[in-house]
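Here's a quick look at one chain, taken a piece at a time. Have the viewer open and follow along.

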Amino acid sequence: MAGPRPQDYDIIVSPVITEKATRILENNQVVFKVTSNATKPQIKRAIESLYKVKVTSVNTVNIKGKNKIFRGIKGQRPSIRKAMVTLAEGQTIDLSSGV
């Protein structure tokens with residue numbers, strides 16, 4: 001595995017720390033928020049180089065932003081893309097520490 005490249009930091013936006021995301025940690029999966037134009041091979045390469053782990057698969061989901069009205073003002077929540085990354089057996093990522 002090579003060292004991290006500058007574009008790897010642009011692909012991975014942030015880890016997702018929710019109740020559901022922490023529940024799937026038991027299945028050796030980690031959830032990240034990624035850029036909307038990132039492909040699965042780019043996400044895999046970025047995770048492997050940033051966190052020094054072996055990735056077996058990447059599943060992605062696009063979540064469309066909802067339209068909301070707050071005090072009569074219409075707005076829209078941003079659309080996001082999440083990546084569920086499955087790690088190789090015995091590999092872990094400590095999300096509490098920084099990259």
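## Helix α3

Helix α3 covers residues 40–51, twelve in total, and reaches 16 Å from its first C-alpha to its last. That's close to the 16 Å expected at 1.5 Å a residue, where the expected span is 1.5 Å times one less than the number of residues. Helices here are DSSP runs of H or I with at least four residues, strands are E runs of at least two, and both are numbered from the N terminus.

Keep in mind that this is a predicted model: local features need pLDDT of at least 70, side-chain atom pairs count only at pLDDT 80 or more, and totals for chains, interfaces and linings use all residues. Residues are numbered from 1 along each chain as its sequence is written, and side-chain values use heavy atoms, with hydrogens and water left out.

## What α3 packs against

Among the buried residues of α3 are Ile 43, Ile 47 and Leu 50 (buried: under 20% relative accessible area with a 1.4 Å probe, protein chains only). The helix's buried residues pack against α1 (6–11), β1 (12–15), β2 (29–34), β3 and β6 (80–87). Just after α3, Lys 52 takes a positive phi of about 55 degrees.

Strands β4 and β5 (residues 73–76) run antiparallel, joined by four bridges; pairing takes at least two DSSP bridges. Ile 69 has Lys 74 in β5 as its bridge partner. Two residues sit between the strands of this hairpin, where Arg 71 has a positive phi near 55 degrees.

## Gly 65

Gly 65 lies in the loop between β3 (55–63) and β4 (67–70). Gly 65 counts as buried because its relative accessibility is 10%. Beyond its neighbours within four places in sequence, Gly 65 is in contact (heavy atoms within 4.5 Å) with Gln 76, Arg 77, Pro 78 and Ser 79. The C-alpha atoms of Gly 65 and Arg 77 are 4.7 Å apart, with the two residues twelve apart along the chain.

Methods. Buried < 20%, exposed > 50% of the residue type's maximum accessible area, 1.4 Å probe, protein only.
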